[in-house]
Amino acid sequence: MCGIVGYIGQKDTKDILLSGLEKLEYRGYDSAGIAVRNAGGVHVSKVKGRIAALREAVNEDVHATMGIGHTRWATHGAPSRENAHPHQSSTERFTIVHNGVIENYMDIRNQYLQDVALQSETDTEIIVQLIEVFYNELNDVAAAFRKAVELLTGSYAIALIDSEDSETIFVAKNKSPLLVGLGDGFNMVASDSMAALHVTDQFLELMDKETVILRRGEVKIIDPDGQQVTREPFKAEIDATDIEKGTYPHFMLKEIDEQPFVIRKIIQEYQNENDEIKLDPQIREAMKTCDRIYIIAAGTSYHAGLLGKQFIEKLANIPVEVHVASEFSYNMPHLSEKPLFVYISQSGETADSRSVLVQTKKLGHPALTITNVPGSTLSREADYTMHLHAGPEIAVASTKAYTAQMAVLAILAVDTARAKGIELDFDPMQELGIVANAMEALTDQKEELEELARDYLSVTRNCFFIGRGIDYYVGLEGSLKLKEISYIQAEGFAGGELKHGTIALIEEGTPVIALATQENVNYSIRGNVQEVEARGANSMIISMKGLDKEGDAFVIPHVHDLLTPLVSVVPFQLISYYAALHRDCDVDKPRNLAKSVTVE
Ligand code: F6R
């Protein structure tokens with residue numbers, strides 16, 4: 001949560017910082033600010049609200065060639081101008097932006113800052129005030145910065161400027177993502193390469209507990225032992241156009257439409273010239289030799305994990321448990337003798353999942369991360385990584401990453417089955433090709449789905465999704481999509497479970513969306529629909545060709561049984577999108593959320 005950016009170079013920095021922050025808004029968007037430094041001092045602009053509001057607030061007449069910026073998702077203190085970053089020390093000599101959570105900020109405050117009048121409720125202000133206290137003691141900014149950073153526990157990506165120094169941005173990182181962007185006559189620091197792609201595609205990775213002295217022509221990385229480190233730069237593989245909306249009104253719609261291409265890309269990336277599955281042999285071995293798989297994930301990725309369990313158990317015959325990351329940390333089940341942990345995470349930065357990874361690594365268990373961001377924390381810290389190849393996902397509501405996760409899990413399940421000598425009557429690449437075509441057909445039916453959203457969801461305050469077997473798991477994802485972007489209270493239920501209590505909530509007109517794509521439960525799920533209709537529900541059935549019946553609201557093309565979730569989720573994504581649109585909601589940036597959840 002929160003994104004930071006810093007620039008030191010030759011050009012006017014305001015626009016470079018603001019454009020960078022716009023690309024980081026997915027990390028949080030409740031308040032924002034920048035601080036730029038010139039001969040006249042440090043000029044801070046901050047607002048409660050989005051970067052668009054910050055743009056309006058920034059004084060166009062101030063020109064500077066160095067500065068720092070921040071977009072916030074509040075953790076300590078409400079979203080307000082006072083709590084927005086940058087924060088300054090009491091004399092205003094030092095100015096800081098920070099992403100992360102300082103766990104010992106109260107201890108620091110009590111021990112070192114008793115006499116300091118704090119201006120905000122944030123843990124961040126503690127850092128900048130501490131630096132000033134240490135500077136008064138040491139009379140050396142770099143030493144004061146290092147001493148303060150060494151005292152911090154928790155996560156941080158920090159950039160600090162000094163009103164007396166026109167040459168340096170002081171940087172530190174622990175657990176929160178941070179990269180240095182390299183340029184000719186300038187350097188940058190940013191939470192994500194996307195924030196600097198408008199000026200450079202060359203980056204340096206930073207490791208936890210490193211600090212950096214960033215100057216126009218110099219990047220000095222210092223490790224926790226005080227030794228200078230040299231590191232090779234890498235080229236960001238993201239195409240700048242991938243992070244633009246183009247002609248689409250919203251990123252979410254663009255990303256829904258991209259799903260067929262993502263599935264085809266996955267087929268290409270995971271297949272060799274002999275049409276065999278291309279996979280790191282170490283992953284194959286780890287899958288083949290473990291006695292149980294523990295999938296750890298959150299939110300949408302957890303929903304993909306539930307389907308991954310079905311693929312792996314049904315095809316590869318290995319028992320799988322799926323756990324919500326935030327629960328697993330303190331509620332660890334009895335583990336098997338030879339477990340393999342599989343972390344599913346679009347961003348690769350989810351703090352809840354990382355906390356489990358840290359614990360299971362300590363226990364010595366191998367870990368595989370399935371992520372859209374190969375250089376991310378979960379990817380770096382796991383033993384193995386499988387890449388989703390979905391391209392940047394900007395809309396907060398995950399769509400193409402979810403279907404990519406399922407496609408990669410299906411390939412992994414088939415590969416494991418083959419490695420174990422299990423004969424399968426299932427060619428994943430061919431079946432995924434059919435899935436991609438089916439997705440394309442669905443994304444061409446937007447008008448129909450928009451109409452369904454209008455008919456069923458324009459005025460309602462709640463909605464239920466029901467299904468059986470794998471349709472139930474897709475219903476969970478459908479309900480999450482709908483609630484997070486339209487604010488309609490939506491819940492997913494196993495069709496047979498509704499009558500054990502929840503059916504009490506069905507009133508005249510309550511929308512119930514049922515999914516019927518599985519032959520073995522086609523009859524029973526339709527029975528559940530009758531039950532809610534008898535109690536006044538306004539029901540719709542989304543079925544699959546071949547299992548459809550007269551009166552079904554929408555029919556998806558026929559695909560292999562196991563892979564139906566990749567296709568049946570598309571109408572749910574589009575219905576949610578249009579429901580949010582009709583309710584005038586901010587589709588790409590729903591309230592209270594952030595794309596990358598880096599706090600536990
Ligand atoms: C919902 C959504 C979230 C994420 C969850 C985990 O649309 O995107 O539920 O799935 O926050 O994030 P990752 O996958 O980055 O670990």
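Student: Which element gives the most to the lining of the second largest cavity?
Tutor: A reminder at the start: this is a predicted model. To read a lining, list its residues, then see which elements they come from. Here α5 gives the most, with three residues. α5 spans 141-151, and β12 (210-214) also supplies at least two residues.

Student: Which residues line the second largest cavity?
Tutor: Ala142, Phe145, Arg146, Thr211, Ile213 and Ile222 line it. By class, that is four nonpolar, one polar and one charged. The volume of this cavity is about 30 Å³.

Student: How many cavities of 30 Å³ or more does a search of the whole structure find?
Tutor: The search finds two. About 90 Å³ of space lies in the largest cavity. Its lining has 13 residues, and those closest to the centre are Cys2, Trp73, Thr75, His85 and Gly100. Two elements, β6 (94-99) and α4 (123-138), each give two or more residues to that lining.

Student: How does the lining of the largest cavity divide by class?
Tutor: Count each class in turn. The largest cavity has four nonpolar, seven polar and two charged lining residues. In the second largest cavity, four are nonpolar, one is polar and one is charged.

Student: Now the pockets. How much space lies in the largest pocket?
Tutor: A pocket is open, whereas a cavity is a space that the probe cannot get out of. The largest pocket holds about 1100 Å³. It is lined by 41 residues, with Ser193, Ile238, Asn372, Val373 and Pro374 closest to its centre.

Student: Which elements give two or more residues to the lining of the largest pocket?
Tutor: They are β15 (234-235), α7 (259-269) and α12 (377-381). The largest share comes from α7, with three residues. By class, the lining has 15 nonpolar, twelve polar and 14 charged residues.

Student: What is the volume of the second largest pocket?
Tutor: About 600 Å³. Of its 28 lining residues, Ala298, Gly299, Thr300, Lys595 and Val597 are the closest to the centre. The elements that give two or more residues are α9, β18 (339-345), α11 (351-362) and α16. The largest share, five residues, comes from α9. The lining divides into eleven nonpolar, 13 polar and four charged residues.

Student: How many residues surround the ligand?
Tutor: There are 15, and the closest are Ser301, Ser345, Ser347, Thr350 and Glu484. The shell has five nonpolar, eight polar and two charged residues.

Student: Which polar atoms lie by oxygen atoms of the ligand?
Tutor: Ser345 has a polar side-chain atom 2.6 Å from a ligand oxygen. For Ser347, an N or O atom of the side chain is 2.6 Å from an oxygen of the ligand. Gln346 uses its backbone: a polar atom there is 2.7 Å from a ligand oxygen.

Student: How much of the ligand's accessible area does the protein cover?
Tutor: On its own, the ligand has 400 Å² of accessible area, and the protein covers 89% of that.

Conventions:
Residues numbered from 1 in each chain as written. Predicted model: local features only at pLDDT ≥ 70, side-chain atom pairs only at ≥ 80, totals over all residues. Heavy atoms only, no water. Near = heavy atom within 4 Å. Polar contact = N/O pair within 3.5 Å; in protein donor to acceptor, adjacent residues only side chain to side chain. Areas by Shrake-Rupley, 256 points an atom, 1.4 Å probe, with all protein chains shown as cover. Nonpolar A, V, L, I, M, F, W, Y, C, P; charged D, E, K, R; others polar. 1 Å grid on protein atoms, 1.4 Å probe; cavity = no way out; pocket = protein on both sides within 12 Å on 5 of 7 lines; lining within 4 Å. Points joined across faces, edges and corners; volume = space filled by probe spheres on them. Helix = DSSP H or I, 4+ residues; strand = E, 2+ residues; numbered from the N terminus.
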